[in-house]
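Please have the sequence and the structure to hand while reading.

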Amino acid sequence: MLTIGQFSKVCCVSVKTLRHYHRIGLLPPAQVDPWTGYRYYDESHIPAMLLIQRLKGYGFSLAEIREMLRPDQPPQRRMDALRAQRDQLLQRMEQLRLTLAELEQHLLSFERTGDMMDYQNRYQVALEQAQDMPILSLRRKMAISDFDRYYARLWERAARDKVDLTGVILSIYHDESFDRQCTDIELALGVGDPGQASGTLPGGLTAVTLHTGPYAGLSDAYGAITRWLPQNNLTMAGAPYEIYLKSR
């Protein structure tokens, strides 16, 4: 048997952490002295402790690890959890790659002009006469992270009903304010046959600009258009929308 201090040294984890793991039922000791309250561990606890540390390194929460390590948890559920975490890490890596590329461009702009906000001047805003666009759409209160899931529903619906799609992918923002976690958004696909559409995106005189880069930087484009409108004696008359030229 190992004392909590000995076990702490073997597994390179603090005594405080081991006590916490015991309290939450993640790693109970082999024995607790009823008189002193001292915790004792045996060698069979070492693999479990090392696995917990590794899963923490992968980004799992303690609650998720406790659920994963339940004795009645089937191996497939554990495998699914690991694969899902891998996919999340890959998404974060891609987001970090895009953010780093954006930071490099920011630095280049700053070094060239001496103005830390000069990068905001890269947007060219123009007026275009947009035509009415038949769309197949889905409107919900949703988080930005829900886009992929709801677009998948739209594509499934279009395939099931054999809808003639034009390839246009867009989103329309109906709320007056913006909340990344819960906003009234209408996701839509352009439709070639108006008879197959569920609605229409109204045309009209439209202020447009092009944003290149990660979704997180779209606020720069909105800022450019919002500044440009009063400079040209114009006001916004409808819900803003985004057309994606490249898949998210």
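The points below cover the sheet, then the helix.

The model is predicted. Its open sheet has five strands in the order E8-E5-E7-E6-E10, paired antiparallel. Helix H6 (residues 147-160) packs on this sheet.

**Sheet**
- Strand E8 (199-201) and strand E10 (241-244) are the edge strands, each pairing on one side only.
- On average, neighbouring strands of the sheet are turned by 40° against each other, direction ignored.
- Six bridges join strand E6 (residues 165-173) to strand E7 (residues 183-191) in the antiparallel sense.
- Within this pair, leucine 165 stands opposite valine 191 in E7.
- Strands of a sheet pair through backbone hydrogen bonds.

**Helix H6 against the sheet**
- H6 touches strand E5 (133-142), E6, E7 and E10.
- The direction of H6 makes about 140° with that of E5.

**Helix H6: length and faces**
- H6 has 14 residues and spans 20 Å from its first C-alpha to its last, close to the 20 Å expected at 1.5 Å a residue.
- Phe147, Tyr150, Tyr151, Leu154 and Ala158 are the buried residues of H6.
- These residues lie on the same side of H6 because they cover an arc of only 105° around the axis.
- An α-helix has 3.6 residues a turn, so residues three or four places apart point the same way.
- The cover over the buried residues of H6 includes E5, E6, E7 and E10.
- Asp148, Glu156, Ala159 and Arg160 are exposed on the other side of H6.

**After the helix**
- Lysine 162 follows H6 and has a positive phi, near 55°.

Terms used. Residues numbered from 1 in each chain as written. Predicted model: local features only at pLDDT ≥ 70, side-chain atom pairs only at ≥ 80, totals over all residues. Heavy atoms only, no water. Pairing = 2+ DSSP bridges. Helix = DSSP H or I, 4+ residues; strand = E, 2+ residues; numbered from the N terminus. Axes fitted to C-alpha atoms, helices over the stretch in contact; angles between N-to-C directions. Contact = heavy atoms within 4.5 Å. Expected span 1.5 Å × (residues − 1). Buried < 20%, exposed > 50% of the residue type's maximum accessible area, 1.4 Å probe, protein only. Arc of directions from axis to C-beta.
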